[in-house]
Amino acid sequence: MYYRSHSWYTNWFDAFEPGTSFIEWVNYPFAKWLGFNYDMMMFFSTWVGYWGFVYFYCFMKENLRFNPKFEGWDAITIFMFLPNMHFWTASLGKGAYIFAGLAFLTYGLSWPGKRVFLMILGGFFCYMIRPHILFAVLIGMGVGFILGREKVPVYQKYLAALAGIGLSIFVYEDLLAYLGFDPNNILLSFEEETALNAQRLQSAGSGVDMTSYSLPMKLFTFWFRPLFVDSPNALGLVVSMENTLYIYMFSKIFKKSFIDYIRIAPAMVKMSAVVFISISISMTFVMSNLGIIIRQKSQIMYYMLFVIVAFMDWEKTNRIKKRAEIYNRIVERERREREVAEAAT
């Protein structure tokens, strides 16, 4: 559909609209003017998705002090090669572009003063493909920047908060229009749209009735299903193995020390946590099909994985500090014992 869409428009900018049309706008000059065939457009989208992995990798490496290990293996490398991530970001469609946009935006936000272009490019991709994703990132950016442990002048924090509020107001009406909500009665239109989407997605063949689920069960379904008991095919089995890994990784944060860490965590960790939670909660109300869930969650799982490895990184730092303190105490005790022994002689 995306490849042949260039023949539907008489002008390139006829397709310049948020949503599916934006992918058609991106493909138009390559297919229409440069003569790209279907395979070339697939490879181009794969190349765009590849840069998403590059920038997410750089973001994680830049914001971690150590190289976190998972059962002796490099945790970040494992995350980069999870199969479900590459399946949906290596084809002609929204997946590659929204993933790359999130990576550009996230990497840019970790050093905004020197990465303005990446922030603009990433924000543009996110806004044109899924405005609500950009909305969540803006909220996360504001919360993380204000509550992060970095020592930032108070006026800068207020400026960041005002900028986030201003951008949120700017995209608010477009966001409601994109989601199909009535600005005059958001709650009612949200309930109607949620029920309609649930009915549509259940008819796709791998539906789960989430309308009666509690919020924790909805989140569990969104994050960790399908599991082996409800995998419909071979792809489902592969995803089930990946989801099992997610469950194991999530179990790492069920500690009291995680609460202590999140209180003092850097801005990027808090931003990632807010983005992940807010998008997950919003999607659980409209997702009722495992196939759609598998595809949609691949866009945001890196945020929580980053929070987990950052916590592991912090734990390792604390262990090193405690060992250093114990070593220093031993050295100090031995020094005092030598002084006592010398004084006695």
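I began with Thr 20, which I found in helix α1 (residues 20-32). Helices here are DSSP runs of H or I with at least four residues, strands are E runs of at least two, and both are numbered from the N terminus. I noted that this is a predicted model, in which local features need pLDDT of at least 70 and side-chain atom pairs count only at pLDDT 80 or more, while totals for chains, interfaces and linings use all residues. Residues are numbered from 1 along each chain as its sequence is written, and side-chain values use heavy atoms, with hydrogens and water left out.

I looked up the exposure of Thr 20 and got 29% relative accessibility, which counts as partly exposed. The classes are buried for under 20% relative accessible area, exposed for over 50%, and partly exposed in between, with a 1.4 Å probe and protein chains only. I then checked Thr 20 against Met 128: they are 108 residues apart along the chain, and their C-alpha atoms are separated by 8.9 Å.

**Salt bridges**

Side chains of opposite charge can pair when their charged atoms come close. My search of the whole structure found seven salt bridges, each being a side-chain nitrogen of Lys or Arg within 4 Å of a carboxyl oxygen of Asp or Glu.

One of them joins the side chains of Glu 62 and Arg 115, at 2.5 Å from N to O. Glu 62 lies in helix α2 (residues 38-62) and Arg 115 in the loop between α5 (94-109) and α6 (116-129), so this pair ties together parts that are 53 residues apart in sequence. I looked up both partners: Glu 62 is partly exposed at 36% relative accessible area, whereas Arg 115 is buried at 11%.

Next I took Asp 260 and Arg 263, whose closest N and O atoms are 3.1 Å apart in a salt bridge. Both sit in helix α12 (residues 256-264), three residues apart, and are separated by about one helical turn. Asp 260 is partly exposed, with a relative accessible area of 29%; Arg 263 is exposed at 56%.

I also checked Glu 332 and Arg 335, where the closest N and O atoms of the salt bridge are 2.3 Å apart. This pair lies in helix α15 (residues 301-344), again with a spacing of three residues, about one turn of the helix. Arg 335 is partly exposed at 32%, and Glu 332 is partly exposed at 28%.

**Helices α2 and α15**

I compared the axes of α2 and α15, which come within 11 Å and cross at roughly 20 degrees. Axes are lines fitted to C-alpha atoms, for helices over the stretch in contact, with angles from 0 to 180 degrees between N-to-C directions.

**Nonpolar patch**

What did I find on the surface? Phe 87, Phe 228, Leu 235, Leu 237, Val 238 and Met 241 form a nonpolar patch there, with about 540 Å² of accessible area together. Patch residues have over 30% relative accessible area and no salt bridge; like charges are joined within 9 Å, and nonpolar side chains (Val, Leu, Ile, Met, Phe, Trp, Tyr) within 5 Å. Accessible areas come from the Shrake-Rupley method with a 1.4 Å probe, and for residues only the protein chains shown count as cover. Helix α11 (residues 234-251) gives the most to the patch, with four residues. Phe 87 belongs to helix α4 (residues 83-88) and is partly exposed at 44% relative accessibility.
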